[in-house]
Each structure stands twice: as C-alpha cells, then as structure tokens.
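Welcome! Here is a guided walk through a protein chain for someone meeting it for the first time. Please keep the structure in view as you read.

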Amino acid sequence: MRGTTVTDVLVVDDQDLIRGGIAALLRAAPGFTRVAEASDGESAVAAALAHRPDVILMDIRLPGIDGITAAERILAGQQGTRSRIIVLTTFDVDEYVYAALRAGASGFLLKDTPPERLISAVTTIAGGDMLFAPAVTRRLIEAYSARTEGPRGDDRTLSRLTNREQDVLRLVARGLGNDEIAAELVVTEATVKTHLHRTMTKLGLRSRAQAVAVAYEAGLVVPGRPVGHPC
C-alpha cells in the first residue's frame, strides 16, 4: 500500500447494482482515497495496469475474459509492488475460487458479505496481511481436490527447492502460520520467512494461497491427512 491510510481500490463486476453498491460503500468509508469501477475483464486489466490500485475486488464470472484470466494478466503485467486481488464469488467452494487462488489471488469474499466485513477485508489485504487463516485456504483446496482427480505429482516443481524449503512449503499447505512452522522445525520465525520467500521466488508465486495450491498439485501434501502426518 502506498501509505498507512491510503487505499486505492478497483471494483470489478458486470452487475451495475452490485458494483455500484460496493463502490459507494467504500467511498463512504474512511481511508479510501480512490475507488474506480470496471464492468468487464478487459477494462479491469486496462485500469489495473494503468493505475495500479492497492486492492482489486474482482468478480469471477465476467463478460469477455473471466476474472481468473483478468487476474493472471494483471499480476503478470505489474512489476515490483503488485495489486492484491480479492475474488468476489457466490459460492465459497468451487473450481473457480480454487483457480483464482492458484492464479495468485490473495483471498475471496462471498457477495453477501456484510458491509463492515467487506471494508475490513479490503483494509486487511491492502496492509499486506492474509484475508483468512492459512487453515481456511487448506480446507478450501482440500474440498476441491477431493472432488477432482486430486494432487498431481510434479518432481520438476519440487526439484527447484531445498529440503528445508520443501518442509516449510508442506507446513504452509497444512495450515500452519509462520510461528507454528518455526516451532515445528525448531528455527526462528525470521528463518521461516526467508525460506518461504525463496520458495515463492523460485516457483514464481504471488500469494501464500497460491503456495498452498502448488503444494497440493505437486503431491507434497495429501488431502485429508492431519497436519502432523507425514506424506
């Protein structure tokens, strides 16, 4: 975010009532200096690359290119500090939400989220924090993986990582926070952050949620196994 209280937001939804309502809500809230709107994927990409908003509230189902494709183009086209994307969805567990997290979205919100919660979520994401606990991401990905073919092993993904980096990624995917990972591996929290940063750089990841998805796809963790269970 560009300052401690400044939040520049882009709201993307093809339904005028929903888009306008969210935008009006944010404009009336303290700390939001600019709230722009876009009604389709193409205009969302253009606006995001031109103005680099702190946070983008992105509907998944959009005319033209969908929200997932738009998110991928936005994140790929931004260098340095990237906009953080919150997916707006009607259903909390489906393939679209999973795909959005896999593409690099920082979190998701249901469209019937109470106004106070929505404002809090945007502020949280703009400040660099996760929108929800790592365990919530894990449950979402497990729920989707259980309904599909499950994780797909990819030795090429894991071969880029050291053994310790794999350990950290595995524990991130199982829902542990940095402090819990540090305790599990008997290292400092700073060391965990260093390993996680290197892991995300090597794999080209943009969010912790994306890291969880990659861990499942690479077969590093198995849906349904308890946190402490070895793979």
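The model is a predicted one, in which local features need pLDDT of at least 70, side-chain atom pairs count only at pLDDT 80 or more, and totals for chains, interfaces and linings use all residues. Residues are numbered from 1 along each chain as its sequence is written, and side-chain values use heavy atoms, with hydrogens and water left out.

Let us start with the whole chain. Of its 231 residues, 48% count as buried, where buried means under 20% relative accessible area, exposed over 50% and partly exposed in between, with a 1.4 Å probe and protein chains only. The chain has eleven helices and five strands; these are DSSP runs numbered from the N terminus, with helices (H or I) of at least four residues and strands (E) of at least two. If you take the contacts (heavy atoms within 4.5 Å) between residues at least 6 apart in sequence, 69% of them join residues at least 24 apart.

Now turn to the sheet. Five strands form an open sheet in the order S2-S1-S3-S4-S5, with parallel pairing; two strands pair if DSSP finds at least two bridges between them. At the edges are S2 and S5 (107–110), each of which pairs on one side only. Neighbouring strands of this sheet are turned by 20° against each other on average, direction ignored; such angles run from 0 to 180 degrees between N-to-C directions, using axes that are lines fitted to C-alpha atoms, for helices over the stretch in contact.

On one side, S1 pairs in the parallel sense with S2 (residues 32–38) over six bridges, and Val-11 has Glu-37 of S2 as its bridge partner. S1, helix H1 (residues 16–28) and S2 together make a right-handed β-α-β unit; right-handed means that, with the strands pointing away from the viewer, the path from the first strand over the helix to the second runs clockwise.

S1 also runs parallel to S3 (residues 55–59), joined to it by four bridges. Val-9 is partnered by Val-55 of S3, and Val-12 by Met-58 of S3.

H2 lies across S1, S2 and S3, running at about 170° to S1. H5 (residues 115–126) lies across S1, S2, S3, S4 and S5, at about 125° to S3.

The largest one has 26 residues, of which Leu-10, Val-12, Ile-56, Met-58 and Ile-85 touch the most other members. Two or more residues come from each of S1, S2, H2 (41–51), S3, H3 (67–77), S4 (84–89) and H4 (95–103), and H3 gives the largest share, five residues. Leaving aside neighbours within four places in sequence, Ile-56 is in contact with Leu-10, Val-12, Ala-48, Ile-74, Ser-83, Arg-84, Ile-85 and Ile-86. Apart from this core lies another, of 24 residues, among them Val-168, Leu-176, Val-212 and Ala-218.

That brings us to helix H8 (residues 163–173), where eight of eleven residues are buried, including Val-168, Leu-169 and Leu-171. Why does Gly-175 count as buried? Gly-175 does so because its relative accessibility is 15%. Finally, Gly-175 and Val-212 are 37 residues apart in sequence, with their C-alpha atoms 8.5 Å apart in space.

Technical notes
Core = buried A, V, L, I, M, F, W, Y, C linked by side-chain atoms within 4.5 Å.
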